[in-house]
Amino acid sequence: MAGYYHPVDEEDDYVSRTHDKREAEEAQALGEQLIDLRPEQLAQLDLPERLVDAVLEAKRLNNHGALRRQKQYIGKLMRQVELAPIQAKFAEWEFSSRAHLAVFHRLERWRDQLLVDDAALGELLEAYPALDMQHIRGLIRNARKEQATNKPPKSSRELFQYLRSLAEAH
């Protein structure tokens, strides 16, 4: 039956086109993220020279229409590149960023705890045995005085910096 109509064939084409369109949109979105990268980050990605040039050109553009066209061109170039390694690098950068943020928040909690609770100093000493006890006590004492007199938190900032140096050394 040569003229037999089979609706499944049309459905398969529709899914395939939708899938292709979704991949193209994903490639363009990833390409647009490349525009926001710093040059040293862009260099870490193994991208074709044409794509790097297109991204650098997009960074230079100010005209909205020209930038939109350049983004579309970047999207077209991105469809010829394997996306997985680029996505993996973005994920690695995001994980690193979140890890740094988590350390930052943990240090802020330590600082805040040290300013209100003397027992926190013992816990900090257990966590960081290389702690200079005399120096940190002076920073805590000065930070508490600044809080009590509503002065700018200079010693509190110094305490945070000291905690950060401890964490980096640890």
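Which residues line the largest pocket? In this predicted model, local features need pLDDT of at least 70 and side-chain atom pairs count only at pLDDT 80 or more, whereas totals for chains, interfaces and linings use all residues. Residues are numbered from 1 along each chain as its sequence is written, and side-chain values use heavy atoms, with hydrogens and water left out.

The largest pocket is lined by H100, V103, F104, R106, L107, R164, A167 and E168 (a pocket being an open set of points on a 1 Å grid over the protein atoms alone, where a 1.4 Å probe fits, with protein on both sides within 12 Å along at least five of seven lines, and lining residues having an atom within 4 Å of a point). Two or more lining residues come from each of α5 (83-116) and α8 (154-169), helices being DSSP runs of H or I with at least four residues, numbered from the N terminus. The largest contribution to the lining is that of α5, with 5 residues. The volume of the largest pocket is about 170 Å³, taken as the space filled by probe spheres set on the grid points.

The two helices that supply this lining also pack on each other, α5 and α8 forming an angle of about 130° with their axes 10 Å apart (axes are lines fitted to C-alpha atoms over the stretch in contact, and angles run from 0 to 180 degrees between N-to-C directions). The pair is therefore oblique, a class for angles that are not under 35 degrees (roughly parallel), over 145 (roughly antiparallel) or 65 to 115 (roughly perpendicular). In the contact (heavy atoms within 4.5 Å), F104, L107, E108, W110, R111, L114 and L115 of α5 meet S156, L159, F160, L163, R164 and A167 of α8.

A further partner of α5 is helix α6 (residues 119-127), which packs against α5 at an angle of about 140°, with the axes 8 Å apart, so that α5 is oblique to α6. Here W110, Q113 and L114 of α5 touch A120, L121, E123, L124 and A127 of α6.

Elsewhere, helix α3 (residues 49-60) packs with helix α4 (residues 64-78) at an angle of about 160°, their axes lying 10 Å apart, and α3 is therefore roughly antiparallel to α4. The residues in contact are R50, L51, A54, V55, E57 and A58 of α3 and L67, Q70, Y73, I74, L77 and M78 of α4.
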